[in-house]
Amino acid sequence: MMTQASSKPIYQRHLVRNCLIRILFILMLCMTIGYGLFNYQNLQKISAIKQLQDDKLSIAVSLLDRELGSLENLLTMLYNSPSLKKQAVNPSTPEYNKIKERFANIGQASQYISQIRWIDMSGQEKVRLDFHQDNYQIIRDDKLQNKNSRYYIQQGILVPAPHIYISPV
């Protein structure tokens with residue numbers, strides 16, 4: 001037979017055990033909810049960052065399309081220029097330097113142009129200007145290079161005039 005004094009510690013042990021189990025359950029539930037909220041907040045932040053990146057990428061693509069369109073228009077204008085065609089026939093004429101001046105004006109008008117080259121059908125540079133911020137440098141004739149081995153020259157020569165070849169960046 002069990003006495004009341006001996007049953008009290010057993011009852012207290014069961015009570016303590018049941019309380020500990022409930023506390024552990026509540027802690028696990030709180031940790032699970034906290035982890036879920038943490039992940040939800042992180043996903044919201046990541047989603048906002050992705051949206052910002054998509055917006056910036058869309059703006060960059062628009063700017064690139066606009067700039068390439070402007071360059072295509074400019075190249076078409078140069079192609080159709082009778083004075084440029086006349087000067088291209090005989091580079092030993094004094095008007096030949098006007099080509100360099102015209103290229104300098106074009107290059108300074110756009111912050112995205114780093115070089116302008118006039119390359120003949122054999123791949124030989126005839127004129128090259130390098131642009132650095134607000135300055136430009138006309139490359140001397142003895143420093144001009146043959147670019148025939150470059151893929152962009154080989155591909156560009158295959159494109160019939162007046163179409164424009166834009167090499168992959």
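Let's start with Cys19: in this predicted model, Cys19 comes out partly exposed, at 36% relative accessible area. Cys30 is partly exposed too, with a relative accessibility of 48%. Searching the whole structure turns up 0 disulfides.

Now turn to the inside. The largest nonpolar core is built from 12 residues. Helix α3 is the biggest giver, putting in 5 residues, and α3, β1 and β2 (125–132) each bring at least two. In general, nonpolar side chains in soluble globular proteins tend to be buried together.

Next, the open space. The largest pocket has a volume of about 2,100 Å³, and 42 residues line it. To find its centre in your viewer, look for Leu75, Arg117, Ile119, Ile164 and Tyr165, the lining residues nearest to that point. The elements that give two or more residues to this lining are α1 (4–79), α2 (82–89), α3 (96–109), β1 (115–119) and α4 (151–158). Of these, α1 has the largest share, at 11 residues.

What is the lining of the largest pocket made of, by class? The tally is 30 nonpolar residues, 7 polar and 5 charged. Arg117, close to the centre, sits in a list that also holds Leu75, Ile119 and Ile164.

Notes
Residues numbered from 1 in each chain as written. Predicted model: local features only at pLDDT ≥ 70, side-chain atom pairs only at ≥ 80, totals over all residues. Heavy atoms only, no water. 1 Å grid on protein atoms, 1.4 Å probe; cavity = no way out; pocket = protein on both sides within 12 Å on 5 of 7 lines; lining within 4 Å. Points joined across faces, edges and corners; volume = space filled by probe spheres on them. Helix = DSSP H or I, 4+ residues; strand = E, 2+ residues; numbered from the N terminus. Nonpolar A, V, L, I, M, F, W, Y, C, P; charged D, E, K, R; others polar. Core = buried A, V, L, I, M, F, W, Y, C linked by side-chain atoms within 4.5 Å. Buried < 20%, exposed > 50% of the residue type's maximum accessible area, 1.4 Å probe, protein only. Disulfide = S-S within 2.5 Å.
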